[in-house]
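Hi,

Here's the structure I said I'd pass on.

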Amino acid sequence: MNRNDIIRMAEHAGFGMPVQVFQFRVEELERFATFVAAAEREACAKVCEAYEFTPAAAAIRARGER
């Protein structure tokens with residue numbers, strides 16, 4: 001995940017994006033944390049799939065369905 005990914009997720013979560021100051025409500029921060037966690041789970045699942053650990057990848061993805 002790079003800086004642009006993080007900014008994109010923050011915008012998707014509804015953060016106000018002035019030049020250098022982020023303005024947010026708790027609900028937006030919670031949504032942002034959800035997006036970041038989902039992106040991290042998917043990155044981990046892809047690594048598992050690259051090593052043919054398909055059950056591990058499925059288990060990682062399933063954590064996001066709770």
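The axes of α2 and α3 come within 8 Å of each other and cross at roughly 170° (axes are lines fitted to C-alpha atoms, for helices over the stretch in contact, with angles from 0 to 180 degrees between N-to-C directions). That makes α2 roughly antiparallel to α3, the label for angles over 145 degrees. By class, their contact has six nonpolar, no polar and five charged residues (Ala, Val, Leu, Ile, Met, Phe, Trp, Tyr, Cys and Pro count as nonpolar; Asp, Glu, Lys and Arg as charged; the others, Gly among them, as polar).

A word on where this comes from: it's a predicted model, where local features need pLDDT of at least 70 and side-chain atom pairs pLDDT 80 or more, while totals for chains, interfaces and linings use all residues. Residues are numbered from 1 along each chain as its sequence is written, and side-chain values use heavy atoms, leaving out hydrogens and water.

E28, F32, A45 and C48 are its buried residues, meaning under 20% relative accessible area with a 1.4 Å probe, protein chains only. Their cover includes α1 and α3. Just after α2, E52 has a positive phi of about 60°.

Cheers

How values were computed: Buried means under 20% relative accessible area, exposed over 50%, partly exposed in between (1.4 Å probe, protein chains only). Helices (H or I, at least four residues) and strands (E, at least two) are DSSP runs, numbered from the N terminus. Contact means heavy atoms within 4.5 Å. Angles under 35 degrees count as roughly parallel, over 145 as roughly antiparallel, 65 to 115 as roughly perpendicular and the rest as oblique.
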